[in-house]
Amino acid sequence: MAVGFSSVDDELFREIILDHYRNPRHKGGLDPADVTLEANNPLCGDEILLSLRLRQGAVEGIAFSGRGCSISQASASMMCDSVAGKPTDEASATVQRFRDMMLAEGGVDGLGDLEALQGVKRYPVRVKCALLPWNALLQGLADGSAGENRP
Ligand code: ZN
């Protein structure tokens with residue numbers, strides 16, 4: 001299998017992931033939260049609790065708590081960073097692009113720090129760790145949008 005990363009990229013990617021793991025962004029809860037979602041990856045023991053607040057078609061607030069491996073926790077931190085304050089349709093598009101990046105062959109450009117998680121693709125078991133928070137967000141955006149449209 002071809003690997004499109006140099007060791008320099010690897011080193012940079014590892015640093016970005018470790019930085020998010022050690023200094024997670026948006027860690028905690030939201031009060032109030034519109035949607036709270038729990039996601040588990042029993043294969044690795046990862047747990048994510050994602051809180052979302054959606055207002056006027058945008059992700060006004062997002063936070064996560066949880067525990068697990070560095071990949072799952074760093075991925076959650078990076079995800080929150082990348083969608084906080086964004087319109088929900090833009091957030092959904094980012095989820096889709098990230099999932100495509102992790103599940104498809106080849107690389108993706110334009111995802112900023114999120115590209116650091118591409119290296120995980122070499123370890124198929126860990127791809128589930130990286131996607132765990134994103135699957136929760138996808139569900140949360142769907143649930144939250146439905147709630148916002150209620151009279
Ligand atoms: Zn994991």
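**Close-up views of a predicted model**

**View 1. The side chain of Ser72 makes a polar contact, at 3.2 Å, with the side chain of Gln73.** The model shown here and in the views that follow is a predicted one. Ser72 belongs to helix H2, and with a relative accessibility of 0% this serine counts as buried, because buried means under 20%. When the neighbours within four places in sequence are set aside, the residues in contact with Ser72 are Asp46, Ile48, Cys129 and Pro133.

**View 2. Helix H1, made of residues 7-22, meets helix H2, made of residues 70-83.** Two packed helices are described by the angle between their axes and by the distance between those axes. Here the axes of H1 and H2 come within 8 Å and cross at roughly 85 degrees, and the two helices are therefore roughly perpendicular to each other. On the H1 side the contact is made by Ile16, Ile17, His20 and Tyr21, while H2 contributes Ser70, Ile71, Gln73, Ala74, Ser77, Met78 and Asp81. Sorted by kind, the residues of this contact divide into 6 nonpolar, 4 polar and 1 charged.

**View 3. Within helix H1, the side chains of Glu11 and Arg14 are joined by a salt bridge.** The distance from N to O in this pair is 3.1 Å. Both residues lie in H1 and are 3 residues apart, which is about one turn of the helix. Glu11 has a relative accessible area of 39% and is partly exposed, and Arg14, at 45% relative accessibility, also counts as partly exposed. In the whole model the count of salt bridges comes to 7, and the pair of Glu11 and Arg14 is one of them.

**View 4. Salt bridges that share partners join Asp19, Arg25 and Asp81 into one network.** Arg25 forms a salt bridge with Asp19, in which the closest N and O atoms are 2.9 Å apart, and Arg25 forms another with Asp81, in which the closest N and O atoms are 3.9 Å apart. Arg25 lies in the loop between H1 and strand S1 (35-41), whereas Asp81 lies in helix H2, so this pair ties together parts that are 56 residues apart in sequence.

Terms used:
Residues are numbered from 1 along each chain as its sequence is written. This is a predicted model: local features need pLDDT of at least 70, side-chain atom pairs count only at pLDDT 80 or more; totals for chains, interfaces and linings use all residues. Side-chain values use heavy atoms; hydrogens and water are left out. Axes are lines fitted to C-alpha atoms, for helices over the stretch in contact, and angles run from 0 to 180 degrees between N-to-C directions. Helices (H or I, at least four residues) and strands (E, at least two) are DSSP runs, numbered from the N terminus. Angles under 35 degrees count as roughly parallel, over 145 as roughly antiparallel, 65 to 115 as roughly perpendicular and the rest as oblique. Contact means heavy atoms within 4.5 Å. Ala, Val, Leu, Ile, Met, Phe, Trp, Tyr, Cys and Pro count as nonpolar, Asp, Glu, Lys and Arg as charged, and the others, Gly among them, as polar. Buried means under 20% relative accessible area, exposed over 50%, partly exposed in between (1.4 Å probe, protein chains only). A polar contact is a pair of N or O atoms within 3.5 Å; within protein, one must be able to donate a hydrogen and the other to accept it, and residues adjacent in sequence count only if both atoms are side-chain atoms. A salt bridge is a side-chain nitrogen of Lys or Arg within 4 Å of a carboxyl oxygen of Asp or Glu.
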